[in-house]
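Welcome, and please open your viewer. We will go from stop to stop, selecting a few pieces at each one.

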Amino acid sequence: MGNEMRIVTNGSADKYLFTDVIEIDSCKTIILDITNLDAIRNIVKQNDIKIIVNCAAWTNVDGAEAPEKYELVEMLNAKAPENLAIAMKEVGGLLIHISTDYVFGGDPYNTPCKEEQVGTPTGVYGLTKLHGEQNIQASGVNYLIFRTSWLYSEFGKNFVKTMLNLTSTKPQLKVVFDQVGTPTYAYDLAKAIFDIIEQRKYEGNTGIYHFSNEGVCSWYDFTKMIQKIAVELETPETAETFGTHGDCNVFPCHSEEFPSPVKRPAFSVLDKTKIKETFGIKVSYWTDSLKKCIYNLMRKQ
Ligand SMILES: NC(=O)c1ccc[n+]([C@@H]2O[C@H](COP(=O)([O-])OP(=O)(O)OC[C@H]3O[C@@H](n4cnc5c(N)ncnc54)[C@H](OP(=O)(O)O)[C@@H]3O)[C@@H](O)[C@H]2O)c1
């Protein structure tokens, strides 16, 4: 998400600073460990920061289940957001935080989840992200929390890039069809956040909001669409770098076929009525955004 925030804020009249826990090659980045409250306070004071957009988190859902990791996951997903909230409260600023559809999942929902629905996480990742939301709310800071789902982009490791690779290298593939949600192009979320900041729409609108692309699909449908778009965009030049994607047979399967340390939500579609009505945001259909991302990956090299 941080990479997309860099892209959408490029050229803004406001000043944006980017931080990470490590040095990022070829990007201007200030080193900041958000588990350290004093380090956050210093950066906020030195740079007169009024708004923080927190894209950092522990995001390895399976890895979060290892008992020895609990303390670290809770630190990153719950304590660090609290630190950011405390630092922003002290200067009367705004904290914008990204949360997840995985705060839901414990009940068999079949209608899109609204913001006020009680969180029922099924694993440590979702539970600690829920704690992060609660800590921010309890701090008394001005905040916007955006819960999103199934994030992908041109950057880092994500489902779209994994499936582009697998459909070009494997003769067949099984993907679960009993987990349903909505993919979200991280660029679209970053753009929505940027518009809210630039147009000062956050004023008087503190709270939790849901954002994903429009529509609903299973991970199986998502994979089939990734493959279809890749085949449509293929040229002899792209085939040299990315291979060809049409020969892989993709089959639907049940979650039980992929033993996992964590039970993932069967239905975690987010209802976006509130964000659309409050901020006047137009949301793209998931396949339209997916086409843009795969185009950027395959053709814009
Ligand atoms: N990915 C999804 O499908 C998904 C779905 C719903 C919601 N979300 C939420 O969306 C947000 C962004 O997710 P993402 O997929 O973009 O995550 P990501 O690629 O895993 O990025 C998380 C970032 O946090 C950094 N970080 C880790 N520990 C830190 C620390 N102590 N101080 C400062 N930075 C630290 C990481 O640095 P290193 O790379 O050096 O570790 C990494 O750059 C997260 O809040 C996540 O919970 C993600």
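**Stop one: a pair of helices**

Begin by selecting helices H2 and H3: H2 passes H3 in a right-handed crossing (a crossing is right-handed if the near helix is turned clockwise from the far one by less than a right angle, and left-handed if anticlockwise). H2 covers residues 37-47 and H3 residues 70-90; their axes come within 9 Å and cross at roughly 40°. Axes here are lines fitted to C-alpha atoms, for helices over the stretch in contact, with angles running from 0 to 180 degrees between N-to-C directions. Helices (H or I, at least four residues) and strands (E, at least two) are DSSP runs, numbered from the N terminus.

Before moving on, a word on the model: it is predicted, with local features needing pLDDT of at least 70 and side-chain atom pairs counting only at pLDDT 80 or more, while totals for chains, interfaces and linings use all residues. Residues are numbered from 1 along each chain as its sequence is written, and side-chain values use heavy atoms, leaving out hydrogens and water.

**Stop two: the sheet**

Now select E3, E4, E5 and E10, four strands that form an open, parallel sheet in that order; strands pair if DSSP finds at least two bridges between them. E3 (51-54) and E10 (207-210) stand at the edges with a single partner strand each, so one side of each has no neighbour in the sheet. From one strand to the next, the twist averages 20°.

Zoom in on E5 (residues 142-148), which pairs with E10 in the parallel sense over four bridges. Here Leu144 stands opposite Gly207 in E10.

**Stop three: the ligand**

Which residues are closest to the ligand? Among the 22 that surround it, the closest are Met1, Asp33, Thr59, Tyr125 and Lys129 (near means a heavy atom within 4 Å). Look for polar contacts, pairs of N or O atoms within 3.5 Å. A polar side-chain atom of Lys129 is 2.7 Å from a ligand oxygen atom, and a polar backbone atom of Ile34 is 3.1 Å from a ligand nitrogen atom.

**Last stop: another helix pair**

Finally, select H5 (residues 159-169) and H7 (residues 219-233), which pack at an angle of about 65° with axes 10 Å apart. Their crossing is right-handed.

Conventions. Polar contact = N/O pair within 3.5 Å; in protein donor to acceptor, adjacent residues only side chain to side chain.
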